[in-house]
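Welcome, and thanks for taking a look at this one. Please open the viewer and keep it beside you as you read.

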Amino acid sequence: MLWIAWKMLIGNRAKYLGIVFGVAFAALLIAQQSSIFCGLMALTVSQILDVEGAGIWVMDPKVKYVDDVKPMADTHLYRVRGVPGVDWAVRFYKGIARARLEGGSYEQVILLGLDDATFIGAPLNMIEGSIDDLRAPDAVIMDIVGYRKLWPDEPFKRGRIIEMNDRRAVIVGLARARKTFQSFPVVYTRYSQAVRFAPPERKVLSFVLAEPAPGVPAAELAGRISAQTGLQALSRDAFLAKTIRYYLLNTGIPINFGITVGLGFLVGTAIAGQTFYLFIVENLRQFGALKAMGTGNGTILLMVLAQALHVGFVGLGVGVGLAALFGWGTRSFSKLSFYMPWQVLVITGVAVFLIVLLASLLSIRRVFIVDPAIVFRG
Amino acid sequence: MPPSALQSPAVHVRGVTRDFGSGDAVTRALRGVELDIPHGELLMLVGPSGCGKTTLVSIIAGTLQPSGGEVQVLGHDLVAMPPAARVRFRRSNVGFIFQSFNLLPALTAVENAAVPLIIAGWSRARALPAAAALLDRLGLGSRLTNLPSELSGGQQQRVAIARALVHDPRLLICDEPTSALDAENGRITMELISGLAVRPDRVVIVVTHDQRVYPYADRIATMEDGQIVSIEARRRGEIGAPSHDK
Ligand SMILES: Nc1ncnc2c1ncn2[C@@H]1O[C@H](COP(=O)(O)OP(=O)(O)OP(=O)(O)O)[C@@H](O)[C@H]1O
Ligand SMILES: [Mg+2]
């Protein structure tokens with residue numbers, strides 16, 4: 001009987017494509033918008049993700065998310081180092097600096113200062129030069145997307161000069177960094193140098209990056225650091241979560257995307273539901289004939305559900321495929337960030353499943369009440 | 001089936017009424033139909049449009065419930081039967097031939113003819129050859145894989161005949177089987193129905209307006225305004241309208 005259901009469904013090519021199109025459209029909208037949303041959320045934590053090797057971030061108690069830097073006194077580093085269970089702890093500077101380019105124009109950059117000795121937080125992926133080049137006086141490394149933004153269509157020029165806080169900085173290398181939320185160029189330098197590039201302030205220490213001794217769980221140590229120093233210490237995962245939660249609760253991003261995803265769901269349900277409903281209604285006579293010939297309502301329900309699931313799966317595949325294609329096609333535009341984790345597929349799948357379920361429930365009633373005697377009418 | 005079972009009528013209808021609608025708008029389609037049909041008979045049901053022929057055969061086929069009266073078909077009490085049992089009754093006992101064929105447009109001829117077997121739970125591997133063999137007997141051996149839209153009206157009706165008979169039902173209901181067909185195809189259709197379907201343990205009911213097919217009847221029942229007003233026995237092959245037909 002499922003085979004008959006399938007034949008009925010694809011028998012009318014145009015109708016079939018119409019239903020699949022409706023489902024695919026909804027899936028595309030939902031998957032694409034959710035992926036951009038995930039991309040944006042990933043942007044908000046990109047600078048945490050870019051720092052590898054440190055399990056714990058220590059910061060001022062009032063910091064709410066990674067870009068909300070509240071400078072601390074340098075002495076806090078030693079207090080963190082004094083907490084039992086801390087394997088090592090280093091300074092990390094993060095701030096916004098104003099860079100003056102050769103032509104005299106100013107650009108904002110994200111300035112990251114790495115511990116002079118260990119370079120913890122250094123970019124992992126160097127494109128030009130090497131991280132050790134940072135040891136040279138005034139040396140900085142810029143992220144490649146930022147470099148291309150400041151100097152479009154120009155090849156990398158080693159030794160290029162920019163000025164920050166009236167001090168010379170020499171670009172000695174290019175690195176790959178994750179896209180950031182502010183989408184400013186990222187400039188890496190030594191901590192001792194970063195504090196000179198930064199606008200003068202009484203306190204400069206942004207974060208202390210720490211690593212627990214082997215066998216000490218990061219979350220537990222973070223709690224101990226907080227208790228002993230009065231600072232806010234978070235495991236890397238907790239800091240990621242805190243930052244994302246901040247953006248979710250304090251910006252319009254989730255609402256905007258929620259609305260688009262909801263609209264995608266509504267439009268998809270309307271299109272898919274309507275075409276599927278029409279398909280069922282146009283086939284009422286056929287269902288009536290099957291009922292007259294002894295097909296029970298249970299089997300009819302199975303047939304309609306199978307038809308709905310079929311268009312659901314095909315539409316989901318097409319829609320998600322198109323969304324992925326869109327993400328791939330726009331990967332080089334630095335303004336949009338597209339990130340499709342498996343959760344997006346699950347959400348889209350559930351939404352599509354609900355859409356086709358709604359569509360079939362709307363129409364199944366018509367099939368249930370169709371009088372098998374309909375087939376006697378001309 | 002024991003021979004005694006063939007003695008009681010295959011179809012036994014007493015005082016059957018059927019109303020459509022409710023309140024002031026009620027239509028009384030049947031007003032006390034009395035009818036017995038013995039096994040092995042081809043009964044024709046004639047009468048003016050709207051007199052209740054389709055309503056009556058729908059009730060006998062178990063696709064419609066009467067408003068009142070008794071209906072026994074092949075030993076089953078259709079009135080007392082729960083809906084699910086009525087579905088099973090139709091599945092194994094009834095074959096249908098309709099004026100408008102009602103073939104599934106997306107299925108080929110042989111697939112359409114196999115539908116009752118599929119409904120009965122046969123695998124396609126068993127059902128399709130059985131349907132193909134029957135279509136072959138009906139002269140459609142070369143059109144097995146054509147869609148209904150690629151067949152003439154007469155050919156479509158022959159596919160419908162195969163579908164009505166493929167599962168060997170004991171009750172065959174034909175509602176205006178020839179009225180969408182030309183004279184020649186109508187004659188072929190009735191030849192096939194009377195040749196293949198009429199058996200000692202079977203009943204065939206043919207609703208028709210088409211006087212040309214009367215010769216195939218064993219008896220002709222005339223309906224008027226929701227009642228059977230006369231039943232005329234025929235010798236098979238006798239030509240002419242029943243005397244009550246106006
Ligand atoms: N589902 C229905 N709802 C309302 N009225 C109906 C329904 N089915 C039949 N009727 C009415 O019942 C009466 C008998 O209809 P029926 O279809 O049985 O006639 P018929 O003898 O088959 O006519 P025809 O020769 O035109 O096919 C008609 O008045 C018809 O309008
Ligand atoms: Mg009729």
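The report below goes through the layout of one chain, the contact between the chains and the surroundings of the ligand.

## The model and its domains

Please keep in mind that this is a predicted model. Chain A is divided into two parts: domain 1, built from 2-44 + 252-376, and domain 2, spanning 73-230. If you take the centres over C-alpha atoms, domain 1 of chain A and domain 2 of chain A are separated by 48 Å.

Let us turn to the interface. The size of an interface is often given as the accessible area lost when the parts come together. Here the area buried between chain A and chain B is about 2,200 Å², with carbon and sulfur atoms giving 69% of that area. On the side of chain A, the residues that lose the most area to chain B are Trp3(A), Met293(A) and Phe376(A), and together they make up 37% of what that side buries. Counted by residues, 23 of chain A are in contact with 25 of chain B.

## Polar and charged links

The count of salt bridges between chain A and chain B is one. Lys7(A) forms a salt bridge with Glu111(B), and the closest N and O atoms of this pair are 3.1 Å apart. For polar contacts between chain A and chain B, the count is six residue pairs, both residues being at pLDDT 80 or more.

Which helices supply at least two residues each of the side of chain A that touches chain B? They are helix H1 (2-11) and helix H10 (284-292) of chain A. The largest share of that side, six residues, comes from H10(A). By type, the residues of the side of chain A that touches chain B divide into 12 nonpolar, six polar and five charged.

## Around ligand 1

Ligand 1 lies between chains A and B. Of the 13 residues around ligand 1, those that come nearest are Ser49(B), Gly50(B), Lys53(B), Thr54(B) and Thr55(B).

An N or O atom in the side chain of Lys53(B) is 2.7 Å from an oxygen atom of ligand 1. For Thr54(B), a polar side-chain atom lies 2.8 Å from an oxygen atom of the ligand. Cys51(B) takes part through its backbone, with an N or O atom there 3.3 Å from an oxygen atom of ligand 1.

Methods:
Residues numbered from 1 in each chain as written. Chains lettered and ligands numbered in written order. Predicted model: local features only at pLDDT ≥ 70, side-chain atom pairs only at ≥ 80, totals over all residues. Heavy atoms only, no water. Contact = heavy atoms within 4.5 Å. Buried area = accessible area lost by both parts, 1.4 Å probe. Salt bridge = Lys/Arg side-chain N within 4 Å of Asp/Glu carboxyl O. Polar contact = N/O pair within 3.5 Å; in protein donor to acceptor, adjacent residues only side chain to side chain. Helix = DSSP H or I, 4+ residues; strand = E, 2+ residues; numbered from the N terminus. Nonpolar A, V, L, I, M, F, W, Y, C, P; charged D, E, K, R; others polar. Domains from an automatic or database assignment. Near = heavy atom within 4 Å.
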